[in-house]
Amino acid sequence: MIKNTMRAFGAVATLGAAAAAAIWASHAIAQTGAGPFTEAQAQAGQPIYVNRCAVCHDAGGETIRLVGPAFTQAWNSRSTAALYTRIKTTMPFNNPGSLSEAETTAVVAYILKSNGATASATALTPTTDVTIASLIATHGNRRDPYAGYVSLSSMAAATGITFPGTVAKYTPVTEGMLLNPPASDWLMHYQNYAGWSHSPLKQITPQNVHNLQLRWVWSLEDGERQQITPLVHDGVMFVSTVVNNTVQALNAATGDLIWENRLGPRLENQVNATARAMALYGNQLFYPASDATMYALDARTGKVNWKFKISNYGRDKIGGVMIADGKLIVGLGVCDEPSLEDRCFIAAYDVKDGHQIWKFNTVAYTGEPGGNTWGNMTNGERSGADAWIAGTYDPKLRLIYFGTGQAKAGKNGIGDKLFSNATIALDVDTGKLKWYNQSAPDEGLDLDEVYEKVLVDDGSQKLLLTAGKKGILWKLDRVTGKFIDYVPTVFQNVFTHIDRKTGRGTYRADILKPEPGGSRPSCPAPSGGHNWPASSYVPEDDLLILPLMQICVTSQGDMPGNFEAPGSDGNMGRLSAYRAKDLKPVWTVQQRAPFLTSAMTTAGGVGFVGDWDRIFRAFDVKTGKTLWKTRLGTTAQGFPTTFMVDGEQFVAVPTGYNGGSPQVRPSSMFAFERNRPLVGHAVYVFALPKTQ
Amino acid sequence: MISRLGPLAAAIIFATAPAFAADNYQTDIGPTPKNGRQGANVQGRGTVLATLDRTTFTIQGKFAGLSSPATAARLHMGNVMGGTGPAIGDLKVPQAKSGEISGTFTLTPAQVAGLKVGKLYIMLDSQSAPKGNLWGWFQPAHVTVPEGVPQMGSWYIPNLLDQGDGPAKKNNS
């Protein structure tokens with residue numbers, strides 16, 4: 001059986017015949033062999049492609065373009081039969097399997113021809129099995145400024161310890177430190193177990209932040225996704241890049257390189273590979289490589305202590321990584337290879353040797369709890385529920401909290417598809433499910449609810465706050481998982497009703513049963529009202545500050561593509577603060593450019609956030625007022641952190657230009673309006689002048 | 001560079017009107033869906049204000065920044081706010097890259113109901129984007145602020161949620 005891969009192949013919609021013709025013409029390249037398809041098939045495939053495939057693949061989504069270098073890099077080594085099977089079984093997004101055999105072969109023929117293959121007298125069939133590289137020429141490392149995605153994977157590079165060195169003074173990271181993180185460090189993805197992305201540091205204040213100065217910049221390897229969290233411990237910053245799985249230790253005060261380990265490999269295509277979170281524990285640094293290998297490095301030298309494959313299946317990617325109760329907790333994503341064994345999970349591993357302690361599968365199979373929520377789908381057909389964002393942890397309740405993405409298989413309306421699009425609480429000792437809360441059951445629009453689970457106490461009430469792509473901020477009881485309250489943070493037109501007792505949403509009728517010829521809009525688009533740029537909780541003011549995005553998509557009809565959300569006045573970016581205890585709005589700021597970093601706040605009353613248009617700004621957490629801003633080399637993208645070395649508070653922000661739909665969709669909408677370089681992965685570090 | 005006529009103009013015009021007055025509407029018309037390569041054809045922006053007097057819907061607005069002259073503009077009713085649907089009627093629009101847009105319509109009860117839930121929208125075509133260059137869905141008149149300026153307290157978000165079992169009041173002022 002073949003599992004579905006919605007994310008990789010995207011949604012349905014159209015461009016327009018003229019646009020498609022232009023694409024065909026502009027991308028035609030020298031062919032290397034006659035295609036096993038006829039001209040008639042390719043011609044027949046064009047309108048199908050235009051009407052069913054183009055909106056994500058050509059209009060900027062979390063997908064590769066099917067015409068051009070991204071396609072050739074992803075599919076060159078694979079066969080026409082594999083391409084046929086992928087399309088036939090997983091596409092279109094909202095109705096997989098609905099293309100007939102003839103329609104699917106026609107689409108394959110159109111894609112091959114558009115990439116430079118020539119037609120022949122031989123018709124393509126579902127069993128035609130020819131390596132795609134033999135039909136089309138590669139595009140090398142050509143860059144498409146409107147694709148928002150650049151792959152430099154094919155460039156050669158050395159591997160292993162390429163810069164030896166030793167951290168002079170390194171204190172092992174203990175569970176006690178993780179329970180009460182030292183103010184001077186940023187030891188984990190969200191700074192603390194509760195997912196606050198908030199530092200107790202106070203040196204930088206609303207009064208002096210305007211004096212911030214650039215102290216150093218460290219360029220990172222370009223190519224692939226870049227959404228890192230610079231971790232800091234004992235004055236050492238740890239950073240990574242996906243393109244060659246390079247991990248580096250830097251002097252956090254000066255930017256000097258201490259050690260570098262190029263772990264490799266360079267994958268042919270690393271779409272969906274993103275090392276957002278590394279983890280520190282003991283003397284080890286845990287790095288999730290793009291080939292789903294988990295590395296335990298000696299944080300002092302960069303040498304590999306041990307490694308193992310979290311998954312042995314194809315494109316699987318390690319998503320969330322965290323330490324809890326001395327265990328390495330890992331979420332798996334993109335788990336959709338054609339094997340019953342390949343399904344997404346959350347698992348705990350021993351930090352000493354990597355042996356698995358427990359495992360929780362996020363896709364329920366027949367006979368398992370929740371296994372009856374997938375209609376008549378066989379186990380092999382079930383997929384999704386990717387755990388692609390790091391979790392949080394309540395050590396008193398001994399519960400870890402992870403989110404899952406949407407189900408990637410089956411039509412809407414067949415069942416809840418557990419445990420997709422849910423907040424999941426697991427016993428840290430056993431991995432057993434304590435509770436789940438599925439805020440968006442039976443999701444089919446790529447509107448994940450996987451993001452950060454922020455743990456906040458309101459008196460004796462233990463809360464969990466989380467927002468997903470629909471932009472609805474959910475408040476749950478984190479002891480029981482019971483729904484408490486919600487508030488929409490951006491315009492959404494997906495739900496027409498949310499039950500205020502259960503929190504369960506009712507989808508718009510035409511989402512469950514699309515109207516022929518209707519436009520079937522989705523607000524937000526899969527770029528999300530909220531996405532991986534995480535929120536920050538300010539305990540001093542009880543504020544949750546969320547980076548938000550206001551983009552919609554129309555996935556069918558005669559006007560497909562991304563557009564500004566109604567009521568947004570053209571402001572794709574939105575930063576909003578809500579009071580946690582009652583979800584009351586406190587302030588909001590809107591701007592044209594979307595925010596593409598997490599919000600990071602400090603006890604000094606200053607918050608930081610960066611955007612697509614290269615602006616990194618400091619704001620007053622009480623009012624949202626911009627206090628300071630500067631322009632960076634390219635898009636501010638990733639998770640800003642702050643730390644202290646020798647009595648000085650520093651602020652670090654990553655830049656990057658690749659990523660999923662949160663940066664691809666606005667990139668397409670900014671075309672011919674605003675530009676940013678498609679180079680410039682880096683970390684910028686700021687501090688006050690030394691005299692202050 | 002896109003001309004930003006919208007928020008400030010709306011804020012000025014409605015500054016003395018009560019927030020969410022039932023008969024005043026506004027929309028910021030922006031580019032229709034596009035991808036990178038077609039983006040050059042769907043540039044521009046505008047602000048349109050409207051009033052509903054019983055069934056008479058009067059529209060007046062401005063646009064600028066088109067990459068080619070406007071050719072037509074229409075009032076439509078979509079299937080949902082953010083969705084498309086058939087035209088109700090034509091608007092007056094100059095054959096130019098910028099100018100004023102206007103029109104008066106007598107709405108049916110269904111169209112009035114559609115207006116109140118955000119289904120009515122404007123579509124402006126141009127020579128280079130004949131199937132739609134700018135569009136925007138009418139919202140109840142509300143206070144808007146310029147880009148980058150914080151707005152304290154509650155702020156406007158269009159809300160389509162059925163309020164039957166308890167209002168989501170927190171975000172609507």
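Strands, in what follows, are DSSP runs of E of at least two residues, numbered from the N terminus. In this predicted model, A:T430 lies in the loop that links β18 (423-427) to β19 (433-437) of chain A. A:T430 has 13 C-beta neighbours inside 10 Å and therefore counts as partly exposed, since a residue is exposed at 12 or fewer and buried at 20 or more. The C-alpha atom of A:T430 is separated by 9.4 Å from that of A:F360, although the two residues are 70 apart along the chain.

Elsewhere in chain A, four strands form an open sheet in the order β8-β9-β10-β11, with antiparallel pairing. Its edges are β8 (279-281) and β11 (304-309), each of which pairs on one side only. Direction ignored, neighbouring strands of this sheet are turned by 20° against each other on average. Within the sheet, β9 (residues 284-288) and β10 (residues 293-298) of chain A are joined by five bridges in the antiparallel sense; A:M294 in β10(A) is the residue opposite A:P288.

In chain B, attention turns to strand β8 (residues 134-137). Strands of a sheet pair through backbone hydrogen bonds, in a parallel or an antiparallel manner. Strand β1 (residues 24-31) of chain B pairs with β8(B) in the antiparallel sense over two bridges, and B:P31 has B:L134 as its bridge partner. Strand β7 (residues 120-126) of chain B also pairs with β8(B) in the antiparallel sense, here over four bridges, with B:M123 opposite B:W135. Both faces of β8(B) are covered: B:L134 and B:G136 are buried on one side, and B:W135 and B:W137 are buried on the other.

Note on methods:
Residues numbered from 1 in each chain as written. Chains lettered and ligands numbered in written order. Predicted model: local features only at pLDDT ≥ 70, side-chain atom pairs only at ≥ 80, totals over all residues. Pairing = 2+ DSSP bridges. Axes fitted to C-alpha atoms, helices over the stretch in contact; angles between N-to-C directions.
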